[in-house]
Amino acid sequence: MSEATPGDGLGPEDRKIITLARSSRARAAAPEGAAVRDETGRTYTAATVALPSLRLSALRLAVAMAVSSGAQRLEAAAVVSEAAPDRGDLAAVRDLGPDAPVFHAAPDGTLHATLVP
């Protein structure tokens, strides 16, 4: 993984998944929110799940939702969190989108980094 310079120009569809990830995070009052976009342009959003018997990161859950809905490939992903995404989260994205950028943004939407393979 390499990091592009924060603040790189994003297209409207990439801004949209960051906004959706922020919204999921806020709606659930969770530490992180995520969104992924599949090959058809459909988006899937999620927030961290932290139950006594189940723990899922927002990004892994968004990928799982895409897979369970029939997505064949991911075009892009976004995660909104104070902390950087962990390797397992990035690996989940890479399983379905080996060349998909992962946008890591702060809770206010400021782009921290674009993670690319």
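Here are some friendly notes on the predicted model shown above.

1. **Ground rules.** Numbering starts from 1 along each chain as its sequence is written, and side-chain values use heavy atoms, with hydrogens and water left out. As this is a predicted model, local features need pLDDT of at least 70 and side-chain atom pairs count only at pLDDT 80 or more, while totals for chains, interfaces and linings use all residues.

2. **Overall fold.** The protein chain has 3 helices and 8 strands, where helices (H or I, at least four residues) and strands (E, at least two) are DSSP runs numbered from the N terminus. Read from that end, the order is β-α-β-β-β-β-α-β-α-β-β.

3. **Size.** For 117 residues, a compact globule would have a radius of gyration near 13 Å, and the protein chain agrees, with 13 Å. That radius is taken over C-alpha atoms, and the globule rule is 2.2 Å times the number of residues to the power 0.38. Along the principal axes, the C-alpha atoms fill a box of roughly 40 × 30 × 25 Å.

4. **Burial and surface.** Of the 117 residues, 44% count as buried; buried means under 20% relative accessible area, exposed over 50%, and partly exposed in between (1.4 Å probe, protein chains only). The chain exposes about 5900 Å², with carbon and sulfur atoms supplying 54% of it. These areas come from the Shrake-Rupley method with a 1.4 Å probe, and for residues only the protein chains shown count as cover.

5. **Contacts along the sequence.** Taking contacts between residues at least 6 apart in sequence, 57% join residues at least 24 apart. Contact here means heavy atoms within 4.5 Å.

6. **The largest core.** The largest nonpolar core has 21 residues, of which Val36, Leu59, Leu74, Val93 and Val102 touch the most other members. Such a core is a set of buried Ala, Val, Leu, Ile, Met, Phe, Trp, Tyr and Cys residues joined through side-chain atoms within 4.5 Å. Elements giving two or more residues to this core include strand E2 (32-38), helix H2 (58-68) and helix H3 (87-96). The largest share, 6 residues, comes from H2. Apart from this core lies another, of 11 residues, among them Ile18, Ala78, Val80 and Phe103.

7. **Helix H2 and Leu59.** The buried residues of H2 are Ala58, Leu59, Leu61, Ala62, Val63 and Ala66. Leaving out residues up to four places away in sequence, Leu59 touches Glu32, Ala34, Val36, Ala77, Ala78, Asp89, Val93 and Val102. Just after H2, Gly70 takes a positive phi of about 100 degrees.

8. **Asp14.** This residue of helix H1 (residues 12-28) deserves a look: Asp14 is buried, with a relative accessible area of 16%. Beyond residues up to four places away in sequence, Asp14 touches Arg37, Ala76 and Phe103.

9. **Ala105.** Ala105 sits in strand E7 (residues 102-105) and is buried, at 0% relative accessibility. Setting aside neighbours within four places in sequence, Ala105 is in contact with Ile18, Val79, Val80, Ser81, Thr110, Leu111 and His112. Its C-alpha atom is separated by 8.7 Å from that of Arg22, 83 residues apart along the chain.

10. **Ala29.** In the loop between H1 and E2, Ala29 has a positive phi of about 50 degrees although it is not a glycine. Ala29 is exposed, with a relative accessible area of 69%.
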